Amino acid sequence: MRSRTATCSCGQLRIEVQGEPLGIGVCHCLACQRRTGSVFAALAGFAAPYKVYGTAIEYVRVGDQGAKFRFRFCPVCGTNLFHTEEGGDESSVGVAVGGFADPTFPPPQDSVYDCRRHSWVQLPPGTTIYEKNPL
């Protein structure tokens, strides 16, 4: 089974995941734009088990539909590396695609909150687009 490791900018915080992603998506919601400092967040979901190395600080945000997301940040460099959803399927983790630093990582399959997508952002052909969160 393939193993991948995502790392924060300074290397203090790492997460190792196994297998292929459950899904890959981009989120254009304003909260993700603010959280990442970019115009969207690119995330890949992975099933447990996963291993975390280093220390993280946490921030819990409530989504538009009431779900609670626990984001983990490196306390040294501030990188937001991964998150879990509380009360949902806690056996999976969402990892920032950029943390893998792998230009060959597969493209997103889904795009959520397209209503907030910057007009100049182009999505790969075949990406399923949702105006808001479909869940």
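Two strands pair if DSSP finds at least two bridges between them. The legends below apply this to a predicted model.

**View 1. An open sheet of 8 strands with mixed pairing.** The strand order is S6-S7-S8-S9-S4-S3-S10-S11. Strand S6 (57-62) and strand S11 (128-129) form the edges. Each of these two pairs on one side only.

**View 2. Strands S3 and S10 run parallel.** S3 covers residues 23-27 and S10 covers residues 110-112. The pairing extends over 3 bridges. Valine 112 of S10 is the residue opposite cysteine 27.

**View 3. Strands S7 and S8 form an antiparallel pair.** S7 spans residues 68-73 and is joined to S8 by 6 bridges. Lysine 68 has glutamate 86 of S8 as its bridge partner. The hairpin of S7 and S8 has 6 residues between the strands. In this hairpin, glycine 78 adopts a positive phi near 85°.

**View 4. Strand S8 is mostly covered.** Of the 7 residues in S8 (residues 80-86), 5 are buried. S8 also runs antiparallel to strand S9 (residues 92-96), with 2 bridges between them. Histidine 83 faces glycine 94 of S9 across the pair. In the sheet order, S8 sits between S7 and S9.

**View 5. A cis peptide bond links alanine 48 to proline 49.** Its omega is about 5°. Most peptide bonds are trans. Proline 49 belongs to the loop that connects strand S4 (41-47) with strand S5 (50-53).

**View 6. Alanine 101 has a positive phi in the loop between S9 and S10.** The angle is about 45°, although the residue is not a glycine. Most residues other than glycine have a negative phi. Is alanine 101 buried or exposed? Alanine 101 counts as exposed because its relative accessibility is 65%, and the cut-off for exposed is over 50%.

**View 7. Tyrosine 113 has a positive phi in the loop between S10 and S11.** Phi is near 55° here, again in a residue other than glycine. Tyrosine 113 has a relative accessibility of 10%, so this residue counts as buried. The cut-off for buried is under 20%. Alanine 101, by contrast, is exposed.

Technical notes:
Residues are numbered from 1 along each chain as its sequence is written. This is a predicted model: local features need pLDDT of at least 70, side-chain atom pairs count only at pLDDT 80 or more; totals for chains, interfaces and linings use all residues. Side-chain values use heavy atoms; hydrogens and water are left out. Helices (H or I, at least four residues) and strands (E, at least two) are DSSP runs, numbered from the N terminus. Buried means under 20% relative accessible area, exposed over 50%, partly exposed in between (1.4 Å probe, protein chains only).
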